Every structure is written in C-alpha cells, then in structure tokens.
Amino acid sequence: MHRMSEIILHHYDMSPYAEKVRVALGLKGLSWRSVQVPVVMPKPELTALTGGYRKTPVLQIGADVYCDTSAIFRVLDRCEPSPPLYPPGAGASVRALEAWAQGNFVTAVTLFFGIGGVFSEEFLEDRRKMIPGGVNEELARAVVPSMRDHLRSRLTLLEQQLDDGRSYLLGDAVSAADLAAYHPIWFLSRSPLTEAALQPFEKVRAWRDRIAGIGHGEYREMDAEETLDVARRAASTTTPTSDPGDPTARRPGDRVQVMPDDYARDPVVGELVASDAHEIAIRRSDPRAGEVVVHFPREGFLTLAA
Ligand SMILES: N[C@@H](CCC(=O)N[C@@H](CS)C(=O)NCC(=O)O)C(=O)O
C-alpha cells in the first residue's frame with residue numbers, strides 16, 4: 001500500500017520511545033530514512049508536518065504522518081505484516097503491557113529528574129513547560145528511594161515472566177510487548193547511575209541483549225527540510241472512509257482537533273478523513289508541508305470539535 005514512498009522516522013538518539021520504533025524497523029527488516037529532531041522546542045519542520053504534535057517519535061510515509069508509537073506500529077504491521085507487532089489474538093495483552101511499560105518509562109524519568117545531573121537545564125526547562133502542572137523537582141528528589149522500590153518491583157515481574165526460559169515476554173515470538181518493556185530498560189542501561197539496578201536480574205539482562213541484537217535495520221540520514229518536500233510532492237494514500245460505529249456519529253469532513261490526553265497536549269486541527277476503533281486520521285494544509293493526513297491512536301487522545 002505504501003510501497004511508493006520511503007519510511008521516514010523523525011526522532012532523536014536519546015529518545016526511549018524512538019528506540020521502541022527503531023527496533024521494530026529492524027525486526028521487520030525495513031529500510032528507512034532517519035531525520036534528527038531537536039530534543040527541545042521549537043521543532044519547526046516536525047510541527048509543520050504534524051500541525052502541532054511535538055512528541056517523539058513521528059513516522060512519515062509520503063504525505064501521511066503517524067503520531068504516537070501505537071499508530072506507528074499499526075501502520076508498520078500494514079506495510080510489513082511479518083513478524084506482527086500486534087499478533088492476532090494477543091491485542092489486549094500487548095496493549096496492557098504497553099500501558100504498564102509507560103509506567104516503567106515514567107519511573108525511569110522521575111528517577112533521572114530526582115537523581116539530578118543527567119539532563120541539561122535547557123531540557124529541564126522545556127519539559128517543565130510540557131508537563132501540565134510542571135515538574136516538582138523537590139518531590140522528585142524526595143521520591144528517589146520509592147522509585148528505586150518501584151523499579152525493583154517492575155524488574156522482578158519481568159524476571160519472573162522470563163523464568164521458564166522463554167525468549168520473549170509472551171512466549172517464543174517477539175511482539176510489541178517486548179519492545180514496549182525494552183525501551184525504558186534501554187534508557188536505564190545508558191547511565192551508570194541506574195544501570196546497577198539491573199544487575200540482580202539476569203534473565204532481564206539476557207532478554208535486553210536479545211532485543212538489542214535485533215538492531216535498527218538499514219537506514220540513511222535525511223535533512224528535515226527535505227521531508228517537507230517529500231510531503232508536498234506526495235498525495236496521502238488514506239482513503240476517506242466513514243465510520244458507522246463512531247460513538248458520536250462524526251463524519252468525514254467534520255472539523256476536529258486531536259491532542260494527547262496526558263502531556264504535550266498541543267492540539268492538531270483538521271478535517272476528519274477516516275477513523276475506526278483504533279485510529280483517527282485528519283487532513284490539514286500547511287504552507288511548508290502542503291496537504292498532509294495526520295494519524296493518531298484513539299486510546300490516549302482526545303478528539304474535540306474544532
Ligand atoms: N505515547 C507516546 C509517548 C512518546 C513520548 O513521551 N516521547 C517522549 C520522548 S521518549 C517525548 O515526546 N518527549 C518530549 C519530546 O520529545 O518533545 C508514544 O507512544 O509515542
């Protein structure tokens with residue numbers, strides 16, 4: 001379906017959620033283009049494509065733009081079905097594990113905030129503005145011991161799940177469950193301040209190394225400006241479809257705004273093109289990117305009339 005256009009990942013090296021997608025690309029043996037996005041705002045080329053969404057990563061295929069790793073995984077499963085990130089019959093288990101792993105990510109980030117000396121002042125200032133209610137650094141320092149407790153509890157669960165000798169969290173086949181649980185551990189492994197916490201968990205470390213061994217596939221760097229030319233020259237491949245099951249009877253053509261329901265809640269305004277239980281796609285026009293269709297997951301996002 002998307003054979004014509006290259007897969008372009010907008011990301012930065014240090015981003016754990018980007019690592020989740022880089023490994024998925026490696027797993028599927030896809031070749032892709034890599035665009036480095038600034039770690040802090042502004043991100044003018046990225047937001048020209050998305051219409052305001054600023055989280056990392058974002059995936060672009062021609063004039064279609066996919067926000068959030070869950071929408072990205074769905075389109076990757078359509079581009080290259082094997083191996084499936086969301087295996088048939090395991091959808092709810094994988095989603096549950098993804099949601100739990102978001103807690104692992106938050107635990108790791110809170111730990112880094114609390115320990116201090118990891119993030120630059122520029123980074124901290126950007127994230128203070130991004131998180132509703134800001135960041136309470138005093139509280140983060142006070143909860144470091146509790147975060148270490150949480151981490152041990154979370155790592156123990158993973159160790160126990162792997163205890164029967166299975167290779168992956170749900171059995172013999174790797175899935176999005178593994179990649180979701182992996183990226184916060186990859187993040188913790190990158191700093192000597194937190195790497196030590198992994199030492200007692202032998203099976204987790206072996207599993208981490210197995211996932212790391214998948215690699216990132218083949219990719220070449222690309223210029224951010226060039227991705228706007230790609231979007232302008234391409235036409236979206238999303239077919240306008242009505243969604244008879246939509247609980248609020250929205251119709252293609254309705255003007256809506258879509259935003260994350262947790263942090264970085266920048267709204268994206270556009271015209272509804274297609275939706276189903278898992279995804280919503282809206283069309284918008286941008287002076288630099290031209291006409292693009294931006295895709296979001298349903299879960300974790302708010303859709304409001306615009
Ligand atoms: N639910 C999102 C979470 C993504 C996320 O929180 N990414 C972090 C970086 S790992 C982020 O966006 N930080 C702010 C930024 O990069 O601007 C997803 O699955 O893609």
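## Before you start

Because the model is predicted, local features need pLDDT of at least 70 and side-chain atom pairs count only at pLDDT 80 or more, while totals for chains, interfaces and linings use all residues. Residues are numbered from 1 along each chain as its sequence is written, and side-chain values use heavy atoms, with hydrogens and water left out.

## Two domains

The chain splits into domain 1 (7-83 + 219-305) and domain 2 (91-212), with bounds that come from an automatic or database domain assignment. Taken over C-alpha atoms, the centres of the two domains are 25 Å apart.

## Where the domains meet

Here, 23 residues of domain 1 are in contact with 22 residues of domain 2; contact means heavy atoms within 4.5 Å. The size of an interface is often given as the accessible area lost when the parts come together. For domain 1 and domain 2 the buried area is about 2,000 Å², with carbon and sulfur atoms giving 64% of it (accessible area, 1.4 Å probe, that two parts lose on being put together, summed over both).

Eight residue pairs, both at pLDDT 80 or more, are in polar contact between the domains (a pair of N or O atoms within 3.5 Å; within protein, one must be able to donate a hydrogen and the other to accept it, and residues adjacent in sequence count only if both atoms are side-chain atoms). On the side of domain 1 that touches domain 2, the elements giving two or more residues are α1 (16-27) and α3 (69-79), both helices (DSSP runs of H or I, at least four residues, numbered from the N terminus). The largest share, eight residues, comes from α1.

## Salt bridges

Side chains of opposite charge can pair when their charged atoms come close. A salt bridge here is a side-chain nitrogen of Lys or Arg within 4 Å of a carboxyl oxygen of Asp or Glu, and the count comes to 26. Three salt bridges lie between domain 1 and domain 2. E299 pairs with R95, with the closest N and O atoms 2.8 Å apart.

R54 and D126 form another salt bridge, at 2.6 Å between the closest N and O atoms. This pair links distant parts of the chain, 72 residues apart: R54 sits in the loop between α2 (44-50) and β3 (58-61), and D126 in helix α5 (residues 121-130).

## Around the ligand

The ligand is surrounded by 13 residues, the closest being K43, T56, D68, T69 and Y263; a residue counts as near if one of its heavy atoms lies within 4 Å. Polar side-chain atoms reach ligand oxygen atoms at 2.5 Å from T56, 2.6 Å from T69 and 2.8 Å from R54.
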